[in-house]
Amino acid sequence: MTVNGGVSFWYREVGIPARRPPLERSVTADVCVVGAGYTGLWTAYYLKKADPGLDVVVLERKFAGYGASGRNGGWLTAALAGSPRRFAKTHGREGVYALQRAMNATVDEVIAVARAEGIDADIVKSGILRVAHAPSHLPRLGAGVRTARSWGDDDLELLDAGQTTARIRVDGALGASFSPNCARVQPAKLVQGLARVVEELGVRIYESTPVTEIVPHEARTPYGTVRAKFVLRATEGFTAGLGGERRTWLPMNSSLIVTEPLSQRVWDEIGWEGRELLGDMSHAYIYAQRTADDRIAIGGRGVPYRFGSRTDDDGRTHATTVRALQDALVRLFPAVRDAAVEHAWCGVLGVPRDWCSTASLDPRTGLGWAGGYVGHGVSTTNLAGRTLRDLVLGADTELTRLPWVGRKVRKWEPEPLRWIGVRGMYAAYRAADRAEIVEGRSTTSPIAKVADMVARRH
C-alpha cells in the first residue's frame, strides 16, 4: 500500500525528529532568522562561522526541515534559479557568468561542508542528464544546450543516443545533455544534519513557533517577539502565509513518488550505474534520482497551484498525480511496470513573478530575505546563506555584487487571475506533452506552439 504524505519518504527513512522547544517569551538577538529550512540554516551557519559572538535565533513554524528542504528531489544542481536574460538586464553578461561560476562552486561548497561537519546525506556527485525521448524533444535539447553555453555554462555537453544509453536506458532515448555540476543528496539527512551543526555552534532554534508578522527589527509570534538588528525572512514557498506577503511569491506545488527497492535484474535492464540525476525535455518535465538503497524517486508538478496560495497538509498529494507520475516512470523505464510505489508526497517551492530568485537586505529597516528558487533551492540556498552573511556583516564581496542581490520584482496578480494563469500554463504544458509523447504528434501542433511560447517566457 502506498503511503501518502507524512511529510516525505526521506523522513520515513530518518524518522520525524523530536520537536525542539518553542519560544516561550520575548527575547532579543543580533540576528533573527524566520524559517529553519536550508536558507535559514545555511545563513545561521555562515554567520556563526564568520562571527561566533553573534547571537542568532531561528524561528520555525513546524520543525527544522519540514518544508521543501525535507521534501525535494535531491538535486544539488548548479543550474541558475532564474532567467539569464533577465539577470543580464541589470548586470550584463559578465554578471550572469559570475553567477554561473558561483553556482558551480556552490555544489562543491555544500559537499565540502557536509564532509567537514560529518553530515552523511548520501551525496554522490554524479552529474545530471536531461534526456530527449521523443523526436520533438531534440530541437529543444539542442537549443537549450547552445543557450546555456552562451551564458557561461561551459561544462554542459550534448550526448547522442548511443552515449545516452551507455549511461541510462530510457525508453526511446534519442539524446541528452550532461553536466557534471550536480550531485544527488538525501534531503532530510542534509537538513537535519545542518540543524544539528548549527545548534552546536550556539544558534537558538525555536520550533513549533509560527511567525505571524515581520516588521523592522521584529519577528512577532503568538508566544512573544524576537527583537533583533536584522530579521531575515527564509520562508520560501510558505511566504504567502505571512502578513502582507500573500502575493510576493507564488507557492508552486511539486509532487514525488518513490518505488520499492528494485531488483538487480531491473537495474541490469535500466543501467544507471553512475547514479546521475535525471530530467527530461517534456514541457511539464520530470526529475528523478536513483536512491542510495536502489529505488527510483521521480517527481513533477502535479496540481501546480492551489487557489489563494494555499499549501498542502503534511505532504499529502492527489491520487491522480500519483498515477500520472507512475505512468511517466513506466513510460521512461518499462522494466519497472510491476514495481510497487511505496510513498507519495508533495511540497511547495517559491516562485517570483519574473521566475528569478533574489537575496536582499535593507540596512535601514534591518529586513532581509532570500528565496524564489523556482525548484533549484537545494544548492541556491547555500549561496543565499553566504550572501546574506556578507550583507548582514556589511561586506562588499563578489557575492553581494551578483545579479540576484537586491532584485526587485512586482507582485503576483490577485485571485482569481494568478490561479487562472498558472493552471492555464500547466494545462498547455500537459496538452503539448500528450500531443508530442503519447499521441506522437509534431511540435507544429497549435497546443505545442502555445506551450513553447509559455516556456520561453518563463
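## Two oblique helices

Helices α2 and α9 lie oblique to each other, because angles under 35 degrees count as roughly parallel, over 145 as roughly antiparallel, 65 to 115 as roughly perpendicular and the rest as oblique. Their axes come within 8 Å and cross at roughly 40 degrees, α2 spanning residues 38-50 and α9 residues 377-392. Axes here are lines fitted to C-alpha atoms, for helices over the stretch in contact, with angles running from 0 to 180 degrees between N-to-C directions.

The contact (heavy atoms within 4.5 Å) involves, among others, W42, Y46 and L47 of α2 and V378, L388 and V392 of α9. By class, this contact has 9 nonpolar, 6 polar and 2 charged residues; Ala, Val, Leu, Ile, Met, Phe, Trp, Tyr, Cys and Pro count as nonpolar, Asp, Glu, Lys and Arg as charged, and the others, Gly among them, as polar.

## Basis of the model

The model is predicted: local features need pLDDT of at least 70 and side-chain atom pairs pLDDT 80 or more, while totals for chains, interfaces and linings use all residues. Residues are numbered from 1 along each chain as its sequence is written, and side-chain values use heavy atoms, leaving out hydrogens and water.

## The protein as a whole

The protein has 11 helices and 19 strands, taken as DSSP runs (helices H or I, at least four residues; strands E, at least two) and numbered from the N terminus. Of its 458 residues, 59% count as buried, that is, under 20% relative accessible area, with exposed over 50% and partly exposed in between (1.4 Å probe, protein chains only).

## Residue T291

T291 is situated in the loop between β15 (287-290) and β16 (296-300). With a relative accessible area of 2%, T291 is buried. Beyond residues up to four places away in sequence, T291 touches W10, R184, R275 and A297.
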